[in-house]
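Please keep the sequence and the coordinates at hand while reading.

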Amino acid sequence: GEYEQPVLGMKSCFDHVTGEGSEVPWSAREWFMVRKAEVCLAEDGSLVPRIAMGVEAREQVRGPDGLMDAPLTRPDHPLVKYAEDFT
């Protein structure tokens with residue numbers, strides 16, 4: 001990929017672009033989602049934040065006002081694979 005990945009040995013989304021359909025241009029982006037957030041009370045009375053996050057891929061499609069995000073449902077899309085690796 002263009003930049004170092006956040007986890008050693010992790011593939012970039014461009015590393016997932018191989019085989020059939022890899023020459024077809026596409027536009028997409030990642031959404032970092034908060035799945036669950038809570039604040040817990042520790043035994044000593046301090047507040048402890050807890051958060052669960054995930055990554056979702058959105059393909060950009062041309063709409064009436066320009067590019068818009070659409071949920072990706074195609075499991076072989078390079079950005080979907082990258083989101084699964086990241087999450």
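The text below treats the strands, the helix, the nonpolar core and selected side chains in turn.

**Strand pairing.** The model is predicted. In it, strand β1, covering residues 28-41, pairs with strand β2, covering residues 47-63. The sense of this pairing is antiparallel, and it extends over 13 bridges.

**Helix and core.** Helix α1 comprises residues 78-86, and its buried residues are Pro 78, Leu 79, Val 80, Tyr 82 and Ala 83. The cover over these buried residues includes β1 and β2. The largest nonpolar core consists of eight residues, namely Met 10, Cys 13, Val 55, Ala 57, Leu 79, Val 80, Tyr 82 and Ala 83. At least two residues of this core come from each of β2 and α1. The greatest contribution is that of α1, with four residues. As a general background, nonpolar side chains in soluble globular proteins tend to be buried together.

**Selected side chains.** Arg 58 is located in strand β2, whereas Phe 86 is located in helix α1. Is Arg 58 buried or partly exposed? Arg 58 counts as buried because its relative accessibility is 19%, and the cut-off for burial is under 20%. Phe 86 counts as partly exposed because its relative accessibility is 31%, a value that falls between the limits of 20% and 50%.

| Residue | Relative accessibility | Class |
|---|---|---|
| Arg 58 | 19% | buried |
| Phe 86 | 31% | partly exposed |

Glu 56 relates to both of these residues in the descriptions that follow. The side chains of Arg 58 and Glu 56 form a polar contact at 2.8 Å. Phe 86 and Glu 56 are separated by 30 residues in sequence, and their C-alpha to C-alpha distance is 9.4 Å.

Technical notes. Residues are numbered from 1 along each chain as its sequence is written. This is a predicted model: local features need pLDDT of at least 70, side-chain atom pairs count only at pLDDT 80 or more; totals for chains, interfaces and linings use all residues. Side-chain values use heavy atoms; hydrogens and water are left out. Two strands pair if DSSP finds at least two bridges between them. Buried means under 20% relative accessible area, exposed over 50%, partly exposed in between (1.4 Å probe, protein chains only). Contact means heavy atoms within 4.5 Å. A polar contact is a pair of N or O atoms within 3.5 Å; within protein, one must be able to donate a hydrogen and the other to accept it, and residues adjacent in sequence count only if both atoms are side-chain atoms. A nonpolar core is a set of buried Ala, Val, Leu, Ile, Met, Phe, Trp, Tyr and Cys residues joined through side-chain atoms within 4.5 Å.
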